[in-house]
Amino acid sequence: VKGEIDWTRRHDLMQHHTGQHLLSAVAEECFGWGTVSVHMSPETATVELAVPDLSAARIAALEEECNRRIQQNLPVRMAMYDSAEGLPLRKAT
């Protein structure tokens, strides 16, 4: 089997995936909204949050905090673990 990576698509997924983690972390830490589901396709990326009323003001506050953190230009780190046991995961395994 010979495979080839579509770098344009892979890069797009990497950016969406990292952005989703940021959005989910900010939603949880700042507003107490958990992430219910995430979907990424070539056309769209959606994040479903557990929030009873998502007004325009709340969306703006979430966006503002995400942008504030992006502007800090913090490093993105990746880690691999043998087990999820004991890790502070937001989603049940």
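Which helices and strands each supply at least two residues of the lining of the second largest pocket? The views below come from a predicted model, in which local features need pLDDT of at least 70, side-chain atom pairs count only at pLDDT 80 or more, and totals for linings use all residues. Residues are numbered from 1 along each chain as its sequence is written, and side-chain values use heavy atoms, without hydrogens and water.

**View 1. Lining of the second largest pocket.** Helix 1 (7-31), strand 2 (45-49) and helix 2 (56-71) each supply at least two lining residues, and helix 2 gives the largest share, six residues; helices (H or I, at least four residues) and strands (E, at least two) are DSSP runs numbered from the N terminus. The lining divides into nine nonpolar residues, two polar and one charged, and includes L22, L23, L49, L62, E63 and C66.

**View 2. The largest nonpolar core.** Seven residues, V26, A27, W33, L49, V51, L62 and C66, make up this core, to which helix 1 and helix 2 each give two or more residues. Such a core is a set of buried Ala, Val, Leu, Ile, Met, Phe, Trp, Tyr and Cys residues joined through side-chain atoms within 4.5 Å, where buried means under 20% relative accessible area, exposed over 50%, and partly exposed in between (1.4 Å probe, protein chains only).

**View 3. The cysteines C30 and C66.** The structure holds zero disulfides (pairs of cysteine sulfur atoms within 2.5 Å). The sulfur of C30 is 8.2 Å from its closest cysteine sulfur, in C66, which is too far for a bond. C66 is buried, at 10% relative accessible area, whereas C30, at 39% relative accessibility, counts as partly exposed.

How values were computed: On a 1 Å grid over the protein atoms alone, a cavity is a set of points where a 1.4 Å probe fits but cannot get out, and a pocket is an open set with protein on both sides within 12 Å along at least five of seven lines; lining residues have an atom within 4 Å of a point. Ala, Val, Leu, Ile, Met, Phe, Trp, Tyr, Cys and Pro count as nonpolar, Asp, Glu, Lys and Arg as charged, and the others, Gly among them, as polar.
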